[in-house]
Each structure stands twice: as structure tokens, then as C-alpha cells.
Amino acid sequence: MSDNGWPADRIDTENAHSARIYDYILGGKDFYPADQEAGDAMAQEWPALPVHMRANRDWMNRAVRWLAEEAGMRQFLDIGTGIPTSPNLHEIVQSVAPESRVVYVDNDPIVLTLSQGLLSSTPEGKTAYIEADFQDPEAVLNSPEFRETLDLGKPVALTVIAIVHFVLDEDDAVGIVRRLLEPLPSGSYLAMTIGTAEFAPEEVGRVAREYAARNMPMRLRTIDEAHEFFEGLELAEPGIVQVHKWHPDGTGEQGIRDEDIAMYGAVARKP
């Protein structure tokens with residue numbers, strides 16, 4: 001368990017939290033008994049869950065490196081950052097281009113408390129942290145951290161990784177992503193992973209029920225629904241695919257079966 005001394009009035013230790021479940025399953029240390037219980041119950045329902053979560057993390061590493069190396073991105077807006085896990089996004093992109101600038105966004109007080117690990121920028125670059133809810137894009141776009149860190153005269157890579165499956169239809173995940181993209185100039189990119197149950201419907205459905213039982217309902221999407229996020233954008237090859245099939249580089253877990261992955265991943269350019 002974490003010994004970081006989080007403020008008791010802000011941290012709900014009695015109920016599981018998606019970011020802490022993710023941290024637990026990935027082998028982190030920033031979780032509580034409720035998160036461990038939830039993670040164990042979910043993995044019991046779908047033993048491939050750890051493989052799936054590690055593949056999502058590996059996708060993030062490859063995607064942001066591709067954005068820095070191949071697309072030349074030097075500015076990043078990361079929505080739903082989660083508990084810091086090295087290498088963090090800024091560590092990856094600044095290893096390619098030390099001048100890269102990164103804004104992290106999350107609304108979890110634990111992430112805020114641990115955010116010092118997200119602010120260890122190179123001298124040439126810059127990182128900033130915004131405490132805001134993904135479902136309130138105006139709070140992100142109007143924040144001084146956003147305006148002072150990113151130059152909207154130059155392209156920005158917007159990363160929305162492993163979060164939209166927690167946004168229900170009535171909250172319009174597609175509309176939220178489009179609003180975040182709106183002020184970003186031509187040549188910007190959107191990188192997303194999107195939860196799906198298309199490859200292991202029964203097992204992933206049981207995991208979704210475990211989340212819902214802990215007040216974390218999920219909205220898993222089909223490939224056609226995933227395409228809605230990228231309308232009007234130019235998908236990079238190979239398009240929208242399961243995360244383990246997007247630019248594999250041999251560094252992640254090998255021998256992953258399609259039915260072990262419940263996440264689509266894609267990167268697309270704003271014309």
C-alpha cells in the first residue's frame with residue numbers, strides 16, 4: 001500500500017477506483033485493499049486482464065514515441081493521465097526531443113499528490129499538471145497551465161488513453177474529444193485507446209459487471225463506434241486495430257491472442 005500520506009478528506013479508501021485498480025494489476029504500489037479486491041475479482045473473471053492492461057500501457061509507449069519520432073510532435077496534451085508509471089509520457093517524448101512540452105490532466109487526488117513524478121522535465125522542455133475532469137473540456141482548455149505550456153500556433157498531440165470506456169452515452173464521449181481537438185491547429189494528432197468487448201464478449205462482459213458493481217459503469221464500443229472518434233481525421237496506418245497490432249516493435253509481451261485484448265488503438269492527424 002502507498003505510504004504517501006494522501007489527505008484523508010479527499011481520498012476515498014473504501015471504494016475501488018479505476019486508476020488504482022490499473023496500478024495494482026500493473027504491479028504498482030499506489031492502491032488500497034478495495035482496489036486489490038476489485039482487481040483480483042476482475043482477473044478471476046478474465047485471467048487475461050493483466051495481459052490486456054500491460055498491452056494498453058505498451059501501446060501508449062509506442063504511440064507517443066511514434067508521434068515524437070515519425071510525426072515530429074513536440075507538444076502533448078495527455079487526458080486521464082493516471083497514477084505515474086515510469087516511463088511516463090514526457091520521459092518517452094523528451095528522450096526523443098528534449099524540448100518537448102507536455103500537459104497532463106487528471107481529476108484523481110492521488111494522481112495530483114503523486115504528480116511531482118510527472119513534472120521532472122528536461123531543462124529544454126516543460127511539463128505541467130491540470131487537475132480537471134475529462135468531461136469538462138472547458139476547464140482544461142481555459143486553464144493557465146494549458147495556455148502557458150502549449151503554443152497553439154504549433155501542432156499538439158492529444159492523447160486520450162483507456163478512459164472513454166468510462167464515459168456513458170449520455171455524457172457524449174465523442175463530443176468531448178472533438179471539443180478538446182477543436183482549438184488544436186492543423187497538423188495536430190489524436191491518439192486514443194477505446195475499450196471493446198468484440199473479441200471476448202463473455203469474459204469482458206463479466207469484468208464490466210464487476211466494475212459496474214463498484215459504481216464504475218462502462219461503455220464498451222464496436223469498431224464502427226470507435227471510428228466515430230476519428231471522423232474528419234486522417235488515420236495513420238494501420239488504422240484502428242487492437243492495441244497489440246499497432247506498430248509492434250518486439251519489446252512488449254509476445255504471443256498475445258486477440259481474445260486477450262479488449263482495446264482498440266489508433267492515431268490520426270487533424271488536416
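This is a predicted model: local features need pLDDT of at least 70, side-chain atom pairs count only at pLDDT 80 or more; totals for chains, interfaces and linings use all residues.

Biologist: How many residues does helix α3 have, and what span should they give?

Modeller: Helix α3 covers residues 49-69, which is 21 residues, and at 1.5 Å a residue it should span 30 Å. The C-alpha atoms at its ends are 30 Å apart, in agreement with that expectation.

Biologist: Is α3 largely enclosed or largely open?

Modeller: A residue counts as buried when its relative accessible area is under 20%. In α3, 17 of the 21 residues are buried, so the helix is largely enclosed by the rest of the structure.

Biologist: How do the axes of α3 and α4 cross?

Modeller: Helix α4 consists of residues 89-96, and its axis comes within 9 Å of that of α3, at an angle of roughly 35°. The crossing is right-handed. On the α3 side, M60, N61, V64, R65, A68 and E69 take part in the contact, and they meet L89, I92, V93, S95 and V96 of α4.

Biologist: What should I know about salt bridges, and how many does a search of the whole structure find?

Modeller: As a general idea, side chains of opposite charge can pair when their charged atoms come close. Here, the search finds 16 salt bridges. One of them joins D35 and R20, with the closest N and O atoms 2.6 Å apart. D35 belongs to helix α2 (residues 33-45) and R20 to helix α1 (residues 18-25), so the pair ties together parts that are 15 residues apart in sequence.

Biologist: Are D35 and R20 buried or exposed?

Modeller: Both D35 and R20 are buried.

Biologist: Which parts does the salt bridge of E138 and R179 tie together?

Modeller: The side chains of E138 and R179 meet at 2.5 Å, N to O. Because E138 lies in helix α6 (residues 137-141) and R179 in helix α8 (residues 173-181), the pair ties together parts 41 residues apart in sequence. E138 is partly exposed at 31% relative accessibility, and R179 is partly exposed at 25%.

Biologist: Where do R178 and E231 lie?

Modeller: R178 forms a salt bridge with E231, the closest N and O atoms being 3.1 Å apart. R178 is in helix α8 and E231 in the loop between α10 and β6, 53 residues apart. With a relative accessible area of 39%, R178 is partly exposed, whereas E231, at 53%, is exposed.

Note on methods:
Residues are numbered from 1 along each chain as its sequence is written. Side-chain values use heavy atoms; hydrogens and water are left out. Helices (H or I, at least four residues) and strands (E, at least two) are DSSP runs, numbered from the N terminus. The expected span of a helix is 1.5 Å times one less than its number of residues. Buried means under 20% relative accessible area, exposed over 50%, partly exposed in between (1.4 Å probe, protein chains only). Axes are lines fitted to C-alpha atoms, for helices over the stretch in contact, and angles run from 0 to 180 degrees between N-to-C directions. A crossing is left-handed if the near helix is turned anticlockwise from the far one by less than a right angle, and right-handed if clockwise. Contact means heavy atoms within 4.5 Å. A salt bridge is a side-chain nitrogen of Lys or Arg within 4 Å of a carboxyl oxygen of Asp or Glu.
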